[in-house]
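Me: I would like to go through the terms used for this model and see what each one rests on. Please set the values against the definitions.

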Amino acid sequence: MDDIVKQAIAKWPNVPDCYGWLGLDARGNWYMRDDAAQAAGPFAGAGATPLSKGSRLLHEKLVDFIQRNYESDREGRWFFQNGPQRVYVELELTPYVWRVQPDFSVQAHTGQAARVQRCVLDQQGHLYLDTDLGFGLVHTLDMGHAADAVEQGLWVPQPEEAARLPERFGYVPSPQSLAK
């Protein structure tokens with residue numbers, strides 16, 4: 001977490017939390033969800049529409065700031081600490097999206113390197129990695145490298161139902177739905 005963010009928390013400790021305004025998609029892209037996007041439906045899952053996703057954030061410095069200050073609370077809700085305000089993140093699938101390198105090292109969408117601890121495959125064919133940083137989906141563009149890791153026996157996919165992943169790996173896909 002940035003020092004300036006820690007200072008803001010100390011200066012203004014009682015700023016209310018924010019829900020529903022920020023989303024992370026299955027490709028590691030951040031979305032700002034204004035009132036219209038939220039009114040169009042949930043970010044992901046049943047009832048989600050392209051309009052409900054919101055506007056993709058493209059400003060590099062803003063995205064970098066969000067990624068440096070992205071973490072989870074004890075309940076498994078992921079958030080971006082925006083100064084003194086905690087902005088909870090709606091997840092399309094998982095809290096991390098992994099980029100797999102040709103040498104099979106992995107990097108989160110946030111830029112952090114991670115070590116793979118286990119590999120999971122759901123009934124839809126999505127491949128996930130549980131790492132020392134946390135749980136996430138393998139980016140679709142990196143499935144070739146991931147398949148090579150599986151073929152070489154470096155990762156052994158364990159089957160799991162997609163609906164059970166949040167409970168098993170301790171994350172909340174929609175903090176907004178719990179806040180209501």
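Reply: Start with contact, which means heavy atoms within 4.5 Å. Of the contacts in the protein chain with a separation of 6 or more, 55% are accounted for by residues 24 or more positions apart. The model is predicted, so local features need pLDDT of at least 70 and side-chain atom pairs count only at pLDDT 80 or more, while totals for chains, interfaces and linings use all residues. Residues are numbered from 1 along each chain as its sequence is written, and side-chain values use heavy atoms, with hydrogens and water left out.

Me: What makes the protein chain as compact as a globular protein of its length?

Reply: The protein chain has 7 helices and 13 strands; helices (H or I, at least four residues) and strands (E, at least two) are DSSP runs, numbered from the N terminus. Its radius of gyration is 17 Å, close to the 16 Å that the globule rule gives for 180 residues, so the chain is as compact as a globular protein of that length. The radius is taken over C-alpha atoms, and the rule is 2.2 Å times the number of residues to the power 0.38. Along the principal axes, the C-alpha trace spans about 50 × 40 × 30 Å.

Me: Why is cysteine 119 called buried?

Reply: Buried means under 20% relative accessible area, exposed over 50%, and partly exposed in between (1.4 Å probe, protein chains only). Cysteine 119 has a relative accessible area of 2%, so it is buried. Cysteine 18, at 14%, is buried too. Of the 180 residues of the protein chain, 43% count as buried.

Me: How many disulfides does the structure hold?

Reply: The structure holds 0 disulfides. The term requires a pair of cysteine sulfur atoms within 2.5 Å.

Me: What makes phenylalanine 43 count as buried?

Reply: Its relative accessibility is 4%, so phenylalanine 43 counts as buried. This residue lies in the loop between α2 (35-39) and α3 (50-53). Not counting residues up to four places away in sequence, phenylalanine 43 touches Tyr31, Arg33, Leu91 and Glu92, among others. Phenylalanine 43 and glutamate 92 are 49 residues apart in sequence, with their C-alpha atoms 6.7 Å apart in space.

Me: How do you know that leucine 137 is buried?

Reply: Leucine 137 has a relative accessible area of 5%, and therefore it is buried. The residue is found in strand β12 (residues 135-138). Leaving aside neighbours within four places in sequence, the contacts of leucine 137 include Ala26, Val97, Trp98 and Tyr128. From leucine 137 to valine 97 is 40 residues in sequence but 4.9 Å in space, C-alpha to C-alpha.

Me: Why does histidine 109 count as buried?

Reply: Histidine 109 is at 12% relative accessibility, so it counts as buried. Its place is the loop between β8 (106-108) and β9 (113-114). Among the residues it touches, not counting those up to four places away in sequence, are Trp30, Gln67 and Tyr96.

Me: Which residues of helix α4 are buried, and what covers them?

Reply: In α4 (residues 60-68), the buried residues are Val63, Phe65, Ile66 and Gln67. Their cover includes α1 (3-11), β1 (18-24), β2 (30-32), β4 (70-72) and β5 (78-82).

Me: What makes phenylalanine 104 count as buried, and what is its phi?

Reply: At 18% relative accessibility, phenylalanine 104 counts as buried because of that value. Its phi is near 75 degrees, a positive value in a residue other than glycine. Phenylalanine 104 sits in the loop between β7 (96-100) and β8.
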